[in-house]
Amino acid sequence: MRSPRTLEVWRLGTVNYLKSLKIQDKLVSERKAHQIPDTLLSLQHPPTYTLGKRRTDHNLLITQSELTKIGAELHYTQRGGDITFHGPHQAILYPIISLRSIGFGARNYVETLERSMIEFASMYGVKARAGNKCETGVWVGDRKIGAIGVRISSGITCHGLAFNIDPDLKYFEHIVPCGIADKEVTSLRRETDALLPSEEVIHKQLITCLAKAFSYDDVVWKEDPSVILDTKDV
């Protein structure tokens with residue numbers, strides 16, 4: 001009989017991208033040392049473009065000066081995946097979890113993240129699907145609604161997923177999203193006739209779907225984000 005599994009969730013609001021990287025690095029080190037349980041960061045970023053470790057700069061279609069003009073940042077990361085956009089009105093989840101403790105490989109992990117978003121979309125009558133071959137993330141028809149880019153180090157995950165609630169989709173016009181040309185990006189707002197609740201509720205619903213997909217027995221909602229946001233190390 002397995003031991004009960006708990007996921008601790010920090011709801012952080014809007015966090016600068018570089019600060020979120022430092023927080024993740026700290027939590028990954030603590031998870032490797034068994035100092036914390038599996039942990040999830042739920043947040044949003046100011047307008048930010050990020051590139052994965054393959055450095056596909058050609059999929060960024062505007063210059064640095066144009067980035068400044070539209071108020072967006074550009075950051076290079078060590079995650080998998082291609083270029084993507086993070087911004088307001090996205091649900092961004094960064095799981096810091098031990099794959100070894102649940103017997104997951106990288107593929108199974110990514111497929112479970114996809115399943116989380118698909119299950120969440122179905123709550124609003126949106127029929128989403130995993131991408132076809134060479135298509136990452138989650139799609140509604142040929143329109144992408146959720147992106148995935150992960151890093152796994154010594155069996156511990158970081159980075160994660162971004163689900164479009166109602167972001168300004170014009171930001172996606174400045175990139176080839178995830179390196180896939182001639183495909184649209186969409187949002188929950190565009191794909192459903194349902195009245196959407198607050199974004200806080202949406203984040204919580206998506207987290208609940210993720211916790212269910214990974215078979216957690218309990219979700220602990222941490223109430224004071226300043227505990228990790230204000231840590232001197234980050």
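Two strands pair if DSSP finds at least two bridges between them. The views below show a predicted model.

**View 1. Strands S3 and S4 pair in parallel.**
Strand S3 covers residues 48-51. Four bridges link S3 to S4, and the sense is parallel.

**View 2. Three strands form an open sheet.**
The strand order is S4-S3-S5, and the pairing is mixed. Strands S4 (73-76) and S5 (84-86) sit at the edges, each pairing on one side only. From one strand to the next, the twist averages 30 degrees.

**View 3. Strand S1 runs parallel to S2.**
Strand S1 spans residues 6-14. Six bridges join S1 to S2. Thr14 stands opposite Gln44 in S2. Between the two strands, the chain passes through helix H1 (residues 17-32). This β-α-β crossover from S1 to S2 is right-handed.

**View 4. Strand S2 also pairs with strand S6.**
Here the sense is antiparallel, with five bridges. Strand S6 is made of residues 90-96. Ser42 has Leu93 in S6 as its bridge partner.

**View 5. Strand S2 is covered on both faces.**
S2 runs over residues 39-44, and six of its six residues are buried. Buried means under 20% relative accessible area. In a regular strand the side chains alternate between the two faces of the sheet. One side of S2 holds Thr39, Leu41 and Leu43.

Technical notes: Residues numbered from 1 in each chain as written. Predicted model: local features only at pLDDT ≥ 70, side-chain atom pairs only at ≥ 80, totals over all residues. Heavy atoms only, no water. Axes fitted to C-alpha atoms, helices over the stretch in contact; angles between N-to-C directions. Buried < 20%, exposed > 50% of the residue type's maximum accessible area, 1.4 Å probe, protein only. Right-handed = clockwise from strand over helix to strand, strands pointing away.
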